[in-house]
Amino acid sequence: MIDEEQTDFEERRTLSDFLREVPWWGVIVAGVGIYVLISMLTNVLYIEAFKAILPGIRITLEVTFLAYLLALILGLIAGMLRVSRNPVLYALGTLYVEVIRGLPMLVIILYAGFVIGPAIRDATHKVVDLPMLSRAIVGLGIGYGAYLAEVYRAGIESVHGGQMEAARSLGMSYLEAMRFVILPQAIRRVLPPLGNNFIALLKDTSLVSVVAIPDLLQMGRLFISRTFRAFEGYNSVAVLYLLMTFLLSALVRYVERRWRIP
Amino acid sequence: MSEPIIQIRNLRKYFGHVHAVNGVSLDVMFGEVLMVIGPSGSGKSTLLRCINELEKPTTGTIIVDGMDTTAKGFDVNQLRAEVGMVFQSFNLFPHLTVLQNILLAQRVVRKRDEKEAESISRDLLEKVGIPEKADVYPSQLSGGQQQRVAIARALAMQPKIMLFDEPTSALDPEMIKEVLDVMLDLAREGMTMVVVSHEMGFARAAARRVVFMDNGVIVEEAAPDVLFTNPSHERTKLFLSKILH
């Protein structure tokens with residue numbers, strides 16, 4: 001009798017675990033999504049809109065991944081500066097975070113496109129003349145680097161001081177201890193906010209349309225100004241953004257589970 | 001046996017207005033086991049942490065194995081590779097398996113190749129009595145097992161000196177013995193050890209001298225039997241009466 005109860009209990013627990021881990025609510029979303037997609041794809045107006053807008057996905061994804069990669073690197077450097085005991089390094093990291101975080105992302109992108117980009121071109125006598133796409137990617141990367149710096153810092157500070165002491169007492173240098181002991185733990189802990197920022201960045205890539213980059217939103221707006229079909233145009237843009245963020249969300253989930261410490 | 005491997009002269013360590021260590025001179029001989037006891041806040045842990053520079057002394061000199069650790073421009077990592085440290089809270093690396101915990105510093109600091117480092121690690125796990133735990137994570141071990149891994153991790157660097165900072169204080173009573181047994185083995189092999197701990201049994205079995213500290217100074221030092229049964233200072237008597245019940 002007791003055994004049976006035990007099994008029953010465990011089964012229920014497993015089911016609950018299963019339901020927590022598998023994004024079953026995705027079925028509902030997928031259901032609605034498929035209904036919308038089918039009704040869209042059987043509608044000539046939507047097919048036209050999709051055809052016009054789809055090429056923008058490639059640019060949006062390219063901007064997202066490259067800018068995030070840059071932000072991960074800049075954020076890591078700035079985050080480590082922010083926990084440095086050297087006052088000059090700390091001030092450098094803080095300056096970057098405070099200034100960049102204090103500017104709207106749109107302003108940063110316009111700066112990168114129309115102020116910094118041309119300045120670099122003129123300073124190097126046209127040797128380094130970044131195309132607008134690269135300028136926008138750099139702008140977004142720098143902008144998000146400031147947020148990620150704070151994410152990294154929070155992660156590093158959450159690792160118990162004894163870890164650094166243990167690593168140092170084994171003869172590792174500060175940077176070796178960071179690399180092999182502190183950061184692997186810190187980064188695992190901040191995977192959820194890192195994923196958050198990844199998804200936020202994907203959405204913010206829509207801002208690069210202001211410097212005339214043919215991303216998803218820009219393609220949508222071009223379609224609309226050509227055909228005056230705002231309803232179908234923006235619906236298509238929204239559906240495509242949602243599809244990408246859902247996929248990214250699943251990727252983040254996967255990475256989190258993969259890296260969990262037993 | 002004649003030359004001291006650690007020479008501490010007039011060591012002071014201040015944290016703001018707190019004088020944690022307030023003028024300590026102490027020699028530790030090669031192969032000796034020295035116990036440091038004293039009430040909490042007496043500076044015994046700070047003294048220990050000054051030996052491998054986890055705390056930077058305010059004034060005074062410490063010479064370890066011929067190296068003046070308080071000299072300007074001294075390479076701390078060189079010192080720390082020679083001095084193993086075991087912490088009260090184990091401080092194992094939770095994201096690495098037991099084997100990887102022991103491997104890491106060998107690879108990074110000693111630059112040993114993978115095979116050599118692994119064979120040393122497995123030998124050490126054998127020595128501390130848990131060879132079967134090589135591939136589990138620290139969180140899956142008991143406190144006593146974790147502390148034994150921590151000892152193996154420190155030993156993998158082949159240190160000349162081992163420092164123990166209250167190694168059994170965070171352990172459940174039934175796990176203390178397994179850690180002390182490993183430490184006793186080490187002592188018998190002739191390892192130089194400085195142990196901050198109140199384990200009288202271990203002191204009697206392994207230590208040649210016990211130092212009693214209070215308020216940042218050494219109050220008295222003697223052989224364990226003498227100090228525990230017949231201390232000469234009032235403060236020592238008072239302290240012992242509290243911990244011996």
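A:E150 is buried, with a relative accessible area of 15%; here buried means under 20% relative accessible area, exposed over 50%, and partly exposed in between, with a 1.4 Å probe and protein chains only. This is a predicted model, in which local features need pLDDT of at least 70 and side-chain atom pairs count only at pLDDT 80 or more, while totals for chains, interfaces and linings use all residues. Residues are numbered from 1 along each chain as its sequence is written, chains are lettered from A and ligands numbered from 1 in the order in which they are written, and side-chain values use heavy atoms, with hydrogens and water left out.

**Salt bridges**

Over all chains, the structure holds 27 salt bridges, a salt bridge being a side-chain nitrogen of Lys or Arg within 4 Å of a carboxyl oxygen of Asp or Glu. One of them joins the side chains of A:E150 and A:R82. Helices (H or I, at least four residues) and strands (E, at least two) are DSSP runs, numbered from the N terminus. A:R82 counts as buried, at 10% relative accessibility.

A second pair, A:E157 and A:R153, lies within helix α7 of chain A; the two residues are four apart and therefore separated by about one helical turn. A:E157 is partly exposed, with a relative accessible area of 48%, and A:R153 is partly exposed at 22%. Both pairs belong to a network of salt bridges that links A:R82, A:E98, A:R101, A:E150, A:R153 and A:E157.

In chain B, a salt bridge connects the side chains of B:R209 and B:E221. B:R209 is in strand β9 (residues 209–214) and B:E221 in strand β10 (residues 217–222), 12 residues apart. B:R209 counts as buried at 15% relative accessibility, whereas B:E221 is partly exposed at 38%.

| Salt bridge | N to O distance |
|---|---|
| A:E150 and A:R82 | 2.9 Å |
| A:E157 and A:R153 | 3.3 Å |
| B:R209 and B:E221 | 2.7 Å |

β9(B) and β10(B) pair in the antiparallel sense over five bridges; two strands pair if DSSP finds at least two bridges between them. B:E221 in β10(B) is the bridge partner of B:V211. The hairpin has two residues between the strands, and B:N215 there takes a positive phi near 50°.

**A:Q185**

A:Q185 is found in helix α9 (residues 174–189) of chain A and counts as buried at 3% relative accessibility. A polar atom of the A:Q185 side chain lies 3.0 Å from the backbone oxygen of A:V181. Leaving aside residues up to four places away in sequence, A:Q185 touches A:V159, A:Q163, B:P94 and B:H95, contact meaning heavy atoms within 4.5 Å.

**Helix α6 of chain B**

Helix α6 (residues 173–188) of chain B has 16 residues and should span 22 Å at 1.5 Å a residue, which agrees with the 23 Å between its end C-alpha atoms. The expected span is 1.5 Å times one less than the number of residues. The buried residues of α6(B) include B:M175, B:I176, B:V179 and B:L180. Among the elements that cover the buried residues of α6(B) are β3 (33–37), α5 (143–155) and β7 (161–165) of chain B. B:G190 follows α6(B) and has a positive phi, near 95°.

Note on methods
A polar contact is a pair of N or O atoms within 3.5 Å; within protein, one must be able to donate a hydrogen and the other to accept it, and residues adjacent in sequence count only if both atoms are side-chain atoms.
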